[in-house]
Amino acid sequence: MKLKVFHIRLTKENLYPDQEKINNFLENVSVKKTSATLIQGNPNFWSVLVFYDDKKAEIQNKKTEKISIPDESCLSDEEMKIYCTLKEWRNDMAKTLNIPHFMICHNAELITIAKVKPQTLEELRTIKGFGESKIAKFGEDILALLNSI
């Protein structure tokens with residue numbers, strides 16, 4: 001968490017530019033906590049403390065929350081069977097849709113599904129590569145396949 005201090009001077013010529021400065025800053029950060037104190041001086045001003053995190057760091061952290069297991073060497077025998085079944089499903093789906101199989105799911109995604117064994121669409125969303133579009137197209141099929149194995 002980072003800290004920034006602002007002074008909002010209470011004079012006609014400074015009030016709006018100081019407010020604009022803090023407003024522009026607040027648009028680009030994720031505010032965690034604030035504190036303000038009126039300082040009596042010449043001129044009077046508000047001293048504002050802003051505790052914040054960068055929005056870029058917050059977005060990056062959300063992206064890294066996704067699960068990815070790129071290598072099949074960590075799969076158990078049971079998970080390897082699931083992985084092979086998922087690959088067969090992917091190949092059949094690719095033929096049906098007349099598209100390359102990697103456009104359905106990459107191997108790393110199938111390996112991760114085999115390892116994690118998601119039971120809901122929400123759990124499937126935690127796997128890297130599964131956004132709204134892929135879940136809408138293939139999510140129900142994948143969950144049904146996992147439940148049938």
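# Close-up views of a predicted protein chain

**Figure 1. Overall layout of the chain.** The secondary structure of the protein chain comes to 6 helices and 3 strands. Here, helices (H or I, at least four residues) and strands (E, at least two) are DSSP runs, numbered from the N terminus. Along the sequence, these elements follow the pattern β-α-β-β-α-α-α-α-α. The radius of gyration is 26 Å, well over the 15 Å that the globule rule gives for 149 residues, so the protein chain is more spread out than a compact globule. That radius is taken over C-alpha atoms, and the globule rule is 2.2 Å times the number of residues to the power 0.38. Taken along the principal axes, the C-alpha atoms fill a box of roughly 75 × 30 × 20 Å.

This is a predicted model, where local features need pLDDT of at least 70 and side-chain atom pairs count only at pLDDT 80 or more, while totals for chains, interfaces and linings use all residues. Residues are numbered from 1 along each chain as its sequence is written, and side-chain values use heavy atoms, with hydrogens and water left out.

Figure 2. Buried residues make up 30% of the 149 residues in the protein chain. Buried means under 20% relative accessible area, exposed means over 50%, and partly exposed lies in between (1.4 Å probe, protein chains only). The accessible surface of the protein chain comes to about 9900 Å². Carbon and sulfur atoms hold 53% of that surface. Accessible areas come from the Shrake-Rupley method with a 1.4 Å probe; for residues, only the protein chains shown count as cover. The protein chain has 22 positive and 21 negative charges, and their mean positions are 6 Å apart. Lys and Arg count as positive and Asp and Glu as negative; His and the chain ends are not counted. Each charge is placed at NZ of Lys, CZ of Arg, CG of Asp or CD of Glu.

**Figure 3. The hairpin of strands 2 and 3.** Strand 2 (residues 29–39) and strand 3 (residues 45–54) run antiparallel, joined by 10 bridges. Two strands pair if DSSP finds at least two bridges between them. The two strands form a hairpin, with 5 residues between them. Leu-38 has Trp-46 in strand 3 as its bridge partner. Pro-43 sits in the loop between strand 2 and strand 3. The peptide bond from Asn-42 to Pro-43 is cis, with omega near 5 degrees.

**Figure 4. His-7 and Ser-47.** His-7 lies in strand 1 (residues 2–9). His-7 counts as partly exposed, at 45% relative accessibility. Leaving out residues up to four places away in sequence, His-7 touches Asp-18, Phe-45, Trp-46 and Ser-47. A contact means heavy atoms within 4.5 Å. Ser-47 belongs to strand 3. At 15% relative accessibility, Ser-47 counts as buried. His-7 and Ser-35 are 28 residues apart in sequence, and their C-alpha atoms are 12 Å apart in space. For the whole protein chain, residues 24 or more positions apart account for 59% of the contacts with a separation of 6 or more.

**Figure 5. Two loop residues with positive phi.** Asn-98 lies in the loop between helix 3 (77–97) and helix 4 (107–116). Asn-98 has a positive phi of about 60 degrees, although it is not a glycine. Its relative accessible area is 70%, and Asn-98 is exposed. Lys-117 lies in the loop between helix 4 and helix 5 (121–125). Lys-117 is not a glycine, yet has a positive phi of about 50 degrees. With 26% relative accessibility, Lys-117 counts as partly exposed.

**Figure 6. Leu-110 in helix 4.** Leu-110 is found in helix 4. Leu-110 is buried, and its relative accessible area is 0%. Not counting residues up to four places away in sequence, Leu-110 touches Tyr-83, Leu-86, Lys-87, Arg-90 and Cys-105. Leu-110 and Lys-134 are 24 residues apart along the chain, and 13 Å separates their C-alpha atoms.

**Figure 7. Ile-135 in helix 6.** Helix 6 (residues 132–148) contains Ile-135. Ile-135 is buried, with a relative accessible area of 5%. Residues up to four places away in sequence aside, Ile-135 touches Leu-121, Leu-124, Arg-125, Phe-130 and Glu-140. From C-alpha to C-alpha, Ile-135 and Lys-117 are 15 Å apart in space, and 18 residues apart in sequence.
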